[in-house]
Amino acid sequence: MFKLCSLLFLLSMGAAQAEILSGPIRVVDADTIDIGADTNIRLLGIDAAEGAQTCREKTREILPCGAMATEAVRRLYAGAMARCDSSERDRYGRRLATCTIGGVDLGADLVSRGLARRYRDDPRYAEEEKAAILFERGLWAYDMVDPAVWRAEQRRRVTTGPTATAPAGCPIKGNISANGRLYHMPGSFAYDRTRINLQRGERWFCSEAEARAAGWRRAGG
C-alpha cells in the first residue's frame, strides 16, 4: 500500500510540473518560437537547419537553407495562437514543448513540410519525415548536412581553430567582460577590437538566436 501511495504521489508531482501555455507566435527560427512565456520554446522532437547553415541545390548553387526554413515558418505561423504543453527545459534553459495550432501539431506539420527533421532518433514524426523525404518536400529537395552534424562541426572548429578567426558562417563574437556575457555583431561599434579567448569561455556564434539561447545578450542592447 505504501509503495502504491508513493507511486501515485510521484505521478501527481510530475503532472503538477507540466504547464499549458498559450499565446501568439513569434518565430525565432524553424524549431524555436516565442509565445510570451518566460523563455523561448523549443519544439520537442524536431531539429531545423541553423540560421547560418547552407545547402546545395541540384545545380550546385549554394542556398541559405537555415534562413529559408525560418522565413517559411514565419510566413506560415507568425501571429497564430499556439497552445503548448511544457514540462521540461533544455540545457540553455529554454522550455521544451509540444505545441498545437487549432488542434494541429506544429512539430508534425513542420516535419511533414520538410522545414524540419526529426531530432536524432526521436520516434515522433517518423511517418511525416518518411513522406517528406519521399516527395522531396521543403529542404529535402536539397543536399544538406543534418543540423546536429553541422553544429558539431562548428563546435569542433571553434575548439580547435585559432581564436582570432571566426569559423565559417559563425561571425558573431561572444565576449566576457565586466558587463557580463555580451555578443558583438559584425559592423558594430566594438566588433573589430573585440578578441575572442576560448580559454576564458568566450566563443563564436552562428546566429543571434543561438547567442540568446546560450544566455548571452547583445552588446549595447
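Student: Let's start inside this model. How many nonpolar, polar and charged residues does the lining of the largest cavity have?

Tutor: Happy to, and keep in mind that the model is predicted. The residues that line the largest cavity include Leu115, Leu139, Trp140, Met144 and Pro147, along with Asp47 and Arg117. Glycine counts as polar, and Gly114 is in this lining. By class, the lining has eight nonpolar, one polar and two charged residues.

Student: How much space lies in the largest cavity?

Tutor: Rolling a probe the size of a water molecule over the atoms shows where empty space is left. The structure holds one cavity of 30 Å³ or more. The space in the largest cavity comes to about 40 Å³.

Student: Turning to the pockets, what is the volume of the largest pocket?

Tutor: Its lining is made up of 43 residues. By class, these are 20 nonpolar, seven polar and 16 charged. The volume of the largest pocket is about 910 Å³.

Student: Which element gives the most to the lining of the largest pocket?

Tutor: Several elements each supply at least two residues, among them the strands β2 (26-29), β4 (41-43), β5 (46-47) and β14 (203-205). The helices α5 (147-160) and α6 (208-213) are also in that group. With seven residues, the element that gives the most is α5.

Student: Which element provides the largest share of the lining of the second largest pocket?

Tutor: The second largest pocket has a volume of about 300 Å³ and is lined by 16 residues, with Gln53, Thr54, Val145, Trp150 and Gln154 nearest its centre. By class, the lining divides into eight nonpolar, four polar and four charged residues. Two elements, β6 (55-56) and α5, each supply at least two residues. The largest share, five residues, comes from α5.

Student: Which residue has its backbone oxygen 2.8 Å from a polar atom of the side chain of Lys173?

Tutor: Lys173 touches residues including Asp192, Thr194, Arg195, Ile196 and Arg203. Glu202 is 29 residues away along the chain, and its C-alpha atom is 8.0 Å from that of Lys173. The backbone oxygen that lies 2.8 Å from the polar side-chain atom belongs to Tyr191.

Student: Stepping back, what percentage of the residues in the chain is buried?

Tutor: The chain has six helices and 15 strands. Among contacts with a separation of 6 or more, 59% join residues 24 or more positions apart. Of the 221 residues in the chain, the buried part is 40%.

Student: One last point: over which residues does pLDDT stay under 50?

Tutor: The chain averages a pLDDT of 86, and 89% of the residues score at least 70. Where pLDDT is low, the predicted coordinates should not be read in detail. The stretch with pLDDT under 50 has zero contacts beyond four places in sequence, and it covers residues 1-16.

Key
Residues numbered from 1 in each chain as written. Predicted model: local features only at pLDDT ≥ 70, side-chain atom pairs only at ≥ 80, totals over all residues. Heavy atoms only, no water. 1 Å grid on protein atoms, 1.4 Å probe; cavity = no way out; pocket = protein on both sides within 12 Å on 5 of 7 lines; lining within 4 Å. Points joined across faces, edges and corners; volume = space filled by probe spheres on them. Helix = DSSP H or I, 4+ residues; strand = E, 2+ residues; numbered from the N terminus. pLDDT = per-residue confidence, 0-100. Contact = heavy atoms within 4.5 Å. Polar contact = N/O pair within 3.5 Å; in protein donor to acceptor, adjacent residues only side chain to side chain. Buried < 20%, exposed > 50% of the residue type's maximum accessible area, 1.4 Å probe, protein only.
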